[in-house]
Amino acid sequence: PHSLGIAGGWSSDVTFKLFNDADLVVAIGSSLNGHTSNAGRLYPKAKVVQIDWQPQSLRDNRMVAHYHLRADAKAAITAINRHLYHRGISRAGYRTPDVLHAIKASADTVPYPIPPGTFDPRKAVQAIDRVIPKDWFVVGGSGHCAYFAATNMQHRPPELFASIRDFGAIGSNIAHAIGIAVARKDRRIVLLD
C-alpha cells in the first residue's frame, strides 16, 4: 500500500514531493537512468545507494549514485534488514498514515490539453484498465503512449507489466508483445501502443 508507483519523469505529484524530501534513496536492481531519476532532479538532496549485479557509476552523462553495492538484490536486502533489526532500528520512515492517505488520494494533476473531438488518453487507459483482468500481461508501448499505460494502470503485479524503453517509437512494440506471448503461454497479453 505504500508503493509510490513510477519513479522518474512520470511520477505522481505525491511521489515527486516524497522523493524531493528524501535524504537517502536505495535503488535495488535499477539502472537509475535519466527516466527513472528524472535526469537527477527527482531526489536532489538525497544520497543514493545503488544495489545491482553490475552497478554503473556514470550513465546518461551524469553520476548515477554516491555508493554502489555489487550484490544480488534479495541477498543484499535480507542482509541489510537483518543488520538493521539487530541494531534495533525499526523506524517507520515515510510509512505514516498521512503519507498512506496522500498516496491513495494522489492523481495525475498535470494539465494535458485535449483537442476537441478527441479522447483524453489517461481516461481511455483507465477505462481499459477497468475491463482487462488483473492477471493479463500488459505490454506498454515505448513511444509517448508509454506514459499513459505506466501511470494509469493501477494495482497490477509488476511481474505482469513490461514497458520497453530502450528505443521509443510508436508501433515498435508489436515484436515485444509477440515475444512475451511466446514466452508466457500461460497469460493473455495486451499491448497498449
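Strands here are DSSP runs of E with at least two residues, helices are runs of H or I with at least four residues, and both are numbered from the N terminus. N38 is buried because its relative accessibility is 16%; buried means under 20% relative accessible area, exposed means over 50%, and partly exposed lies in between (1.4 Å probe, protein chains only). Leaving out residues up to four places away in sequence, N38 touches G8, G9 and F16, where contact means heavy atoms within 4.5 Å.

Residue numbers start from 1 along each chain as its sequence is written. As the model is predicted, local features need pLDDT of at least 70 and side-chain atom pairs count only at pLDDT 80 or more, whereas totals for chains, interfaces and linings use all residues, and side-chain values use heavy atoms, with hydrogens and water left out.

## Salt bridges

Side chains of opposite charge can pair when their charged atoms come close. A salt bridge is defined as a side-chain nitrogen of Lys or Arg within 4 Å of a carboxyl oxygen of Asp or Glu, and the count by this rule is six. One of them joins D120 to R122, with an N to O distance of 3.1 Å. D120 counts as buried because its relative accessibility is 15%, and R122 is buried because its relative accessible area is 12%.

A salt bridge also links D129 and K134 at 3.5 Å, N to O. D129 is buried, at 8% relative accessibility, while K134 is partly exposed, with a relative accessible area of 37%. The side chains of R187 and D186 form a further salt bridge at 3.7 Å, N to O. R187 is partly exposed at 28% relative accessibility, and D186 is exposed, with a relative accessible area of 54%. Through salt bridges that share partners, D129, K134 and R156 belong to one network.

Three strands form an open sheet in the order 7-6-8, with parallel pairing; two strands pair if DSSP finds at least two bridges between them. Strand 7 (161-163) and strand 8 (189-192) are the edge strands; each has a single partner strand, so one side of each lacks a neighbour in the sheet. From one strand to the next, the twist averages 15°. Axes are lines fitted to C-alpha atoms, for helices over the stretch in contact, and angles run from 0 to 180 degrees between N-to-C directions.

Four bridges connect strand 6 (residues 137-140) with strand 8 in the parallel sense, and G140 stands opposite L192 in strand 8. Helix 6 (residues 174-183) packs on the sheet and touches strand 6, strand 7 and strand 8, its direction making about 170° with that of strand 8.

## Nonpolar cores

A nonpolar core is a set of buried Ala, Val, Leu, Ile, Met, Phe, Trp, Tyr and Cys residues joined through side-chain atoms within 4.5 Å. The largest such core has 14 residues, of which F19, V25, L32, Y43, A46, V48 and A65 touch the most other members. Strand 1 and helix 3 (97-105) are the elements that give two or more residues to this core.

Apart from neighbours within four places in sequence, A65 is in contact with L32, V48, V49, Q50 and S57. A second, separate core has eight residues, among them V125, M153, V190 and L192.
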